[in-house]
Amino acid sequence: MSLMEEWELALKNKDCEKLLEIFDEYFEQIEEDKIEEELKRVGEVAIECENFDLLHEVAHLYEHLGKTQEGIELYKRIVEKRKNKDPEDYAEALYYLADAYEHFGMPEEALKVYNELLELERKLNNEKEIALTLANIAIVKDELGETEEAIKLMEEARGLFEKLNDERNFLISLIDLAHFNYELGKYDVALELIREVLGNPIDKEIEVNARLVESEVYSGQGKYKDAALSLRNALQRAEDDEELFGLAFDSIIEFLEDLFNEGKYSELSEIPKLFAELFEDDTRHFFEAIAKLAEWRLGNENARKDFEELYNKIENEELRQIIDEWKRPKLSLSLGLSL
């Protein structure tokens, strides 16, 4: 059976799991002018199935087409569908709608739905769901710049998680509180919270995220080597988890880029070596090249040759592009050099 036939059969049978399984492959193959038509068809089936995973894929593709609201409307239709039915099911639909608003960059709308959800959860007296919703509201409040209010809400959520002996969500709330306090410049408070988490991290996801916030705090204090060591610890802990490893690696790149933008070349001539020694492939050359680029920026002309040799050893195109972004503007503006 061809992929097209599988897709049509799955649509006919309203087999949302199958549609989800072949979704990416199918939309990679069809003609561009057919995408919207197919999204409407699969969107209708996703609503019938009330399959939020499939709905998420549909909404993402709508966003890619610049029609984010079309995807949001699908979530709203399930909310309406469940409105006068089981309140637990209605609460679930509200959560997914709020999460979609947040995910697609509409925090104000997300906040409205989360507040409606919180009111419903309080009526249902479901303390865990109340705590989770408070935590979600706190995160949105922080996104909107209302960090003091975010701390109050997250403190309330933390108290509920502690009461419920929900250790994992309790630790996550501490990590969020540490990040909020970091944003307000309360570095000592943030580090105290992180130390509490790292005293009993439970699993690698908790530890990696705690290390990332720890790195933010040290960086905010100007302790760049300590920040780098936190990132190094995060990367090592995440080694066999692709998603966590990607998160840690991206955080390292962002950290180094911030140092470049701030002109912290002395630090950059040393710090990348902490990451280079963790790798045996051309990623090692990538970090070594960054250190040499920083030395060159400091006026060491001998570092130019070393940089070029290391740069030419980097086979990974994405890594080369990162260095390309960093090396051109400031070299041409500050030193009058070109590569």
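The following dialogue examines a predicted model through the terms used to describe it.

Student: Why is Met-154 called buried?

Tutor: Buried means a relative accessible area under 20%. Met-154 has a relative accessible area of 0%, so it is buried. Its place is in helix H9.

Student: Which residues are in contact with Met-154, leaving aside its neighbours within four places in sequence?

Tutor: Contact means that heavy atoms lie within 4.5 Å. By that rule Met-154 is in contact with Ala-135, Ala-138, Ile-139, Ser-173, Asp-176, Leu-177 and Phe-180. A related value concerns Leu-134, which is 20 residues from Met-154 in sequence, while the two C-alpha atoms are 6.6 Å apart in space.

Student: Why is Asn-125 called exposed?

Tutor: The word exposed requires a relative accessible area over 50%. Asn-125 has 59% relative accessibility, and therefore it counts as exposed. Asn-125 lies in the loop between H7 and H8.

Student: What makes the phi of Glu-50 worth a remark?

Tutor: Most residues other than glycine have a negative phi. Glu-50 is not a glycine, yet its phi is positive, at about 55 degrees. Asn-125 is also a residue other than glycine with a positive phi, near 60 degrees.

Student: How is empty space in a protein found?

Tutor: A probe the size of a water molecule is rolled over the atoms, and this shows where empty space is left. In this model, the largest pocket holds about 770 Å³ of space. Of the 26 residues that line the largest pocket, the closest to its centre are His-179, Asn-209, Leu-212, Val-213 and Glu-216.

Student: What makes a residue part of the lining?

Tutor: A lining residue has an atom within 4 Å of a point of the pocket. For the largest pocket, at least two such residues come from each of helix H8 (127–143), helix H10 (167–183), helix H12 (204–220) and helix H14 (242–261). H12 gives the largest share, nine residues. Domain 2 (127–201) and domain 3 (203–262) each contribute at least three residues to the lining of the largest pocket.

Student: How many residues of each class are in the lining of the largest pocket?

Tutor: There are 11 nonpolar, six polar and nine charged residues in the lining of the largest pocket.

Student: How much space lies in the second largest pocket?

Tutor: The second largest pocket holds about 570 Å³. Of its 21 lining residues, the closest to the centre are Tyr-95, Asp-99, Tyr-114, Leu-132 and Asn-136. Two or more lining residues come from each of helix H6 (87–103), helix H7 (107–124), H8, helix H9 (147–163) and H10. By class, this lining has 10 nonpolar, four polar and seven charged residues. Domain 1 (1–125) and domain 2 (127–201) each give at least three residues to the lining of the second largest pocket.

Student: Where does UniProt place the feature "coiled-coil region"?

Tutor: The unreviewed UniProt entry places that feature at residues 137–167. In the model, the span is 81% helix and 0% strand, and its end C-alpha atoms lie 20 Å apart. Residues 91–124 are 91% helix and 0% strand, with end C-alpha atoms 10 Å apart.

Note on methods. Residues numbered from 1 in each chain as written. Predicted model: local features only at pLDDT ≥ 70, side-chain atom pairs only at ≥ 80, totals over all residues. Heavy atoms only, no water. 1 Å grid on protein atoms, 1.4 Å probe; cavity = no way out; pocket = protein on both sides within 12 Å on 5 of 7 lines; lining within 4 Å. Points joined across faces, edges and corners; volume = space filled by probe spheres on them. Helix = DSSP H or I, 4+ residues; strand = E, 2+ residues; numbered from the N terminus. Nonpolar A, V, L, I, M, F, W, Y, C, P; charged D, E, K, R; others polar. Domains from an automatic or database assignment. UniProt positions renumbered as here; feature names shortened; annotations may be inferred. Buried < 20%, exposed > 50% of the residue type's maximum accessible area, 1.4 Å probe, protein only.
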